[in-house]
Amino acid sequence: ARIQAFSLDGEYVGPTFTPPDFRNGRPSGLGVTRDGKLIVCDSHYNCLRIYEADGTLLKTIGGDKGNGPGQFGYVSDAVQDADGTFFISEFGINERITKTDETGKFLATWGKSGTAEGEFNRIRALALGPDDCLYVADSCNHRIQVFRKSGELVRVIGTEGTGPGELKYPYDLAFGPKGNLYVVERGNHRVQKFSTAGVSLGVWGSSGRKPGQFADPWALVVDKKGRIHVVDTENHRVQRIKF
């Protein structure tokens, strides 16, 4: 249940810290606020925690379990836009996205459990695109859904499968410095590169233990040089790749 800090080359630089309690379960998604603070999705405690880089807890948003305004279920991910607005995804008792202001005050929510467009089945991750839209990894529906920040659906990327342009359990997504979208697929053990319009631009990776192979990859980030860092979960490592 700990968070560790590393350089981009894998050197441990510290600190290591944990959330206040983890007897109910461990945190899930990580992110960064508009001013460089660390967002920790304390999933089983139905909240976000905002930390300084040294592990000092600054703020907690949520914590009240439920499906009403301002309440949360399993919090899987969160992003903050340039205006300070948070977008928070949930699954379990709620399959939805909640929008709050920078203090955590409830603004709006959208989505419900289902397979139709605009509905969700286990949202795993969020990303804000260069087009100022919200990209949602709708993992068990095997697709990426794209919304305006008001909640209006713009388009859907992907269908279930193993070919280019198809997805199987997309668990995380991130944009590179040139505006391309990268998606890590837990089910296909690979990373796929898309244009913002949803056109596949290539795939990389396969199932296995060797360098360049993955076992249940869960997450990724893209650094300022455009290199992709993949959390290779069942291989207990992070791999860095460049398309």
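User: Which residues line the second largest pocket?

Analyst: This is a predicted model, in which local features need pLDDT of at least 70 and side-chain atom pairs count only at pLDDT 80 or more, whereas totals for chains, interfaces and linings use all residues. Residues are numbered from 1 along each chain as its sequence is written, and side-chain values use heavy atoms, with hydrogens and water left out. On a 1 Å grid over the protein atoms alone, a cavity is a set of points where a 1.4 Å probe fits but cannot get out, and a pocket is an open set with protein on both sides within 12 Å along at least five of seven lines; lining residues have an atom within 4 Å of a point. By that rule, the lining consists of Gly176, Pro177, Lys178, Asn180, Tyr182, Lys193, Lys225, Gly226, Lys242 and Phe243.

User: How many residues of each class are in the lining of the second largest pocket?

Analyst: Ala, Val, Leu, Ile, Met, Phe, Trp, Tyr, Cys and Pro count as nonpolar, Asp, Glu, Lys and Arg as charged, and the others, Gly among them, as polar. On this scheme, the lining has 3 nonpolar, 3 polar and 4 charged residues.

User: What is the volume of the second largest pocket?

Analyst: Grid points are joined across faces, edges and corners, and a volume is the space filled by probe spheres set on the points. The value for this pocket is about 170 Å³.

User: Which residues have the most contacts inside the largest nonpolar core?

Analyst: A nonpolar core is a set of buried Ala, Val, Leu, Ile, Met, Phe, Trp, Tyr and Cys residues joined through side-chain atoms within 4.5 Å. The largest such core has 14 residues. At least two of its residues come from each of strand 11 (123–128), strand 12 (134–138), strand 13 (143–147), strand 15 (170–175) and strand 16 (181–185), strands being DSSP runs (E, at least two residues) numbered from the N terminus. Those with the most contacts inside the core are Tyr135, Ile144, Ile157, Leu173, Leu181, Val183 and Phe194.

User: With which residues is Val183 in contact, leaving aside neighbours within four places in sequence?

Analyst: Contact means heavy atoms within 4.5 Å. Under that cut-off, the partners of Val183 are Ile144, Leu167, Pro170, Asp172, Leu173, Arg190, Val191, Gln192 and Phe194.

User: Which residue in the turn between strand 13 and strand 14 has a positive phi?

Analyst: Two strands pair if DSSP finds at least two bridges between them. Strand 13 and strand 14 (residues 153–157) are antiparallel and share 4 bridges, with Phe147 bridged to Leu153 of strand 14. They form a hairpin with 5 residues between them. The turn residue, with phi about 105°, is Gly151.

User: What is the bridge partner of Phe194 in strand 18?

Analyst: Strand 17 (190–194) and strand 18 (200–204) are separated by a loop that holds Ser195. The two strands run antiparallel and are joined by 4 bridges. They form a hairpin with 5 residues between them, where Gly198 in the turn has a positive phi of about 100°. The partner of Phe194 is Ser200.

User: Is Ser195 buried or exposed?

Analyst: Not counting residues up to four places away in sequence, Ser195 touches Asn180 and Leu201. Buried means under 20% relative accessible area, exposed over 50%, and partly exposed in between (1.4 Å probe, protein chains only). Because its relative accessibility is 17%, Ser195 counts as buried.

User: What is the relative accessible area of Arg122?

Analyst: Arg122 is found in the loop between strand 10 (106–110) and strand 11. Its phi is near 70°, a positive value in a residue other than glycine. Most residues other than glycine have a negative phi, and most peptide bonds are trans. Arg122 is partly exposed, with a relative accessible area of 33%.

User: How far apart are the C-alpha atoms of Phe17 and Arg2?

Analyst: Phe17 also lies in strand 2, and at 12% relative accessibility it counts as buried. Leaving out residues up to four places away in sequence, Phe17 touches Ala1, Arg2, Ile3, Leu38, Tyr51 and Gly55. Phe17 and Arg2 are 15 residues apart along the chain, and their C-alpha atoms are separated by 5.5 Å.
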